[in-house]
Amino acid sequence: MSTSTQAPPRRSRLRARATAGVTALLLPLAAMVGLASPAEAAASATATYTKVQDWGSGFEGKWTVKNTGTTTLSSWTVEWDFPSGTSVTSAWDADVTNSGTHWTAKNKGWNGTLSPGASVTFGFNGTGSGAPSGCKLNGASCDGGPSQPGDNPPSAPGTPTASGITDTSVKLSWSAATDDKGVKNYDVLRDGARVATVTGLTYTDSGLTAGTDYSYSVQARDTADQTGPVSASVAVRTTGGGTGPGPGPGAKINLGYFTNWGVYGRNYHVKNLVTSGSAQKITHINYAFGNVQGGKCTIGDAYADYDKAYTADQSVDGKADTWDQPLRGNFNQLRKLKAQYPHIKVLWSFGGWTWSGGFGQAVQNPAAFAQSCYDLVEDPRWADVFDGIDLDWEYPNACGLTCDTSGPAAFTKMMQAMRAKFGANNLVTAAITADASAGGKIDAADYGPASQYVDWYNVMTYDFFGAWAAKGPTAPHSPLTSYPGIPQSGFNSAEAITKLKAKGVPSAKLLLGIGFYGRGWTGVTQKEPGGTATGPAAGTYEQGIEDYKVLKNSCPAGGTPSGGGTVAGTAYAHCGTNWWSYDTPSTILSKMAWAKNQGLGGAFFWEFSGDTANGELVTAIRSGLG
């Protein structure tokens with residue numbers, strides 16, 4: 001994000017990758033028209049249920065049908081019951097219908113035939129906390145066991161209780177099931193999959209992951225090996241894992257941008273938020289970017305967003321993606337992150353410097369634009385991942401990478417339409433310019449009237465100055481205040497915040513922006529700001545810009561013979577002939593104290609991958625905000 005009139009390279013490096021797309025079909029539910037009749041012998045196939053994900057407000061389930069017989073199956077039908085309050089909301093790779101609490105899944109035309117030993121899976125998203133019971137596969141027992149005429153299956157055991165919870169284990173206890181001819185043993189199910197069969201009424205599950213959520217239920221088997229209905233489930237969270245509750249109630253907002261292209265050359269993934277310790281210190285994530293084209297919100301990078309397969313060591317929960325799961329990529333990793341850190345809210349950010357050119361067409365019909373964004377953000381495949389939308393229209397009614405002539409009221413109309421569509425229970429935010437110069441970008445749009453429709457503005461108080469002015473003068477790219485010799489009046493955080501307040505934006509709806517990177521020039525002989533240069537300094541990914549995690553070692557502020565210091569609340573360093581400006585933990589603490597004194601809602605930063613492996617800058621923001 002940038003407030004300069006030049007296109008900042010960091011925001012223009014949007015990478016795309018081709019993808020075959022997700023094959024899952026999201027199907028509406030309809031009333032069941034008839035029960036399946038047995039198509040194969042009871043022992044010829046099994047159906048196994050697994051709860052793949054549980055995100056509190058819903059879950060993802062998966063059935064696996066396997067041909068255990070010696071002849072080919074020509075079709076399959078799985079039936080089960082859910083307790084009241086638990087239901088399927090969407091499904092893929094099977095036609096799922098219901099009659100009340102009884103659910104039926106029939107094969108599609110292309111996956112009904114199973115040769116001996118072959119298996120097929122289908123999945124669904126659901127709501128509620130219940131587990132399936134009374135499973136039938138082609139009219140017979142789903143476990144392939146015998147059906148005994150005159151021998152009823154056992155009842156459901158009591159709901160398990162959990163005790164002795166540690167980082168890696170939990171003890172489960174339950175009350176006995178009943179059966180007309182006797183209960184033989186019990187299957188213990190973890191997240192829907194059987195992990196043990198025991199004869200008693202207790203079981204200790206070990207080898208678990210610290211700080212992780214699990215769901216346990218129990219199913220009885222009688223002396224004929226018939227299984228009865230599954231008990232209600234109990235949720236268990238193991239201790240440890242460094243997944244504290246996060247910032248407490250009423251904490252200031254600490255929001256970071258996560259870029260979809262960062263998973264490529266930068267090799268930065270959602271798991272890095274956990275290993276760095278940042279996840280427990282932030283409150284919100286803006287996922288960047290979705291595109292704006294043809295008057296609609298569209299996918300930015302399908303491969304990175306929802307198709308990239310993660311190995312176990314790359315994954316947030318240590319579990320590898322499978323080829324047939326309906327959602328992979330960053331979206332699935334964010335889902336796993338939220339399961340471990342439920343305090344984090346995620347917004348999908350659309351636009352950015354490079355893609356802001358699409359807003360002009362979109363706001364010609366604000367209602368249709370808002371509908372397209374809502375339909376994409378609330379797509380059933382990933383609706384649970386996102387808690388709202390962020391619009392990064394960086395130069396409404398002004399010039400940036402392109403010029404926009406939508407008029408000053410266009411921004412307000414867009415935000416009004418977004419709030420009307422997304423409603424009061426979703427977050428609606430915007431990243432906006434910090435150009436407070438007379439007649440500049442803040443003056444070009446009606447940010448004051450629009451503020452009634454947003455939860456907050458991310459004010460992009462960085463990229464004021466940089467090596468797009470190749471000859472200089474050198475200047476801090478994120479000055480908090482003005483200073484003698486500043487190249488452009490109105491290009492600093494304090495004046496931007498003051499002007500937005502004067503236009504009617506409440507202080508609590510303004511977040512101060514922090515860059516996790518520096519801007520730099522080369523060919524500079526003067527240590528202090530205001531020097532001349534020969535061009536942009538070399539950077540790891542592009543000229544004129546470098547991550548904090550690199551600069552803190554390669555050109556530390558105040559730590560080189562050439563010297564450095566602080567100007568307008570931002571650090572600078574002169575190393576050889578290179579001159580860099582960037583924020584450090586020390587300057588961030590000072591800026592956070594200023595933000596609190598101004599009554600701001602908090603801070604945000606661009607972006608996670610510029611921080612150190614142990615999250616120095618995220619920690620400084622959280623410490624400074626309190």
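Two strands count as paired if DSSP finds at least two bridges between them. S18 (residues 284-293) and S20 (residues 345-351) pair in the parallel sense over 6 bridges.

This is a predicted model, in which local features need pLDDT of at least 70, side-chain atom pairs count only at pLDDT 80 or more, and totals for chains, interfaces and linings use all residues. Residues are numbered from 1 along each chain as its sequence is written, and side-chain values use heavy atoms, with hydrogens and water left out.

**Around S18**

S18 is mostly covered, with 9 of its 10 residues buried. Buried means under 20% relative accessible area, exposed over 50%, and partly exposed in between (1.4 Å probe, protein chains only). S17 also pairs with S18, in the parallel sense. There, Leu255 has His284 in S18 as its bridge partner. S19 runs antiparallel to S18, and Val292 has Cys297 in S19 as its bridge partner. S18 and S19 form a hairpin with 2 residues between them. Gly294 in that turn has a positive phi of about 60°.

**Strand pairs**

| Pair | Sense | Bridges |
|---|---|---|
| S17 (residues 253-259) and S18 | parallel | 5 bridges |
| S18 and S19 (residues 296-298) | antiparallel | 3 bridges |
| S1 (residues 45-54) and S2 (residues 59-67) | antiparallel | 9 bridges |
| S10 and S11 (residues 170-173) | antiparallel | 3 bridges |

**Other strands**

S1 and S2 form a hairpin too, with 4 residues between them. Gly56 in the turn has a positive phi of about 90°. Thr46 stands opposite Lys66 in S2.

An open sheet of 3 strands has the order S10-S11-S14, with antiparallel pairing. Its edge strands are S10 (161-163) and S14 (202-205), each pairing on one side only. Ala162 has Leu172 in S11 as its bridge partner.

**The core**

The largest nonpolar core has 101 residues. Such a core is a set of buried Ala, Val, Leu, Ile, Met, Phe, Trp, Tyr and Cys residues joined through side-chain atoms within 4.5 Å. Those with the most contacts inside the core are Ile285, Phe369, Ile389, Phe411, Met415 and Tyr457. Helix H8 (residues 410-422) gives the most to this core, with 7 residues. Leaving aside neighbours within four places in sequence, Met415 is in contact (heavy atoms within 4.5 Å) with Leu391, Val428, Thr429, Ala430, Ala450, Tyr453 and Val454. In soluble globular proteins, nonpolar side chains tend to be buried together.
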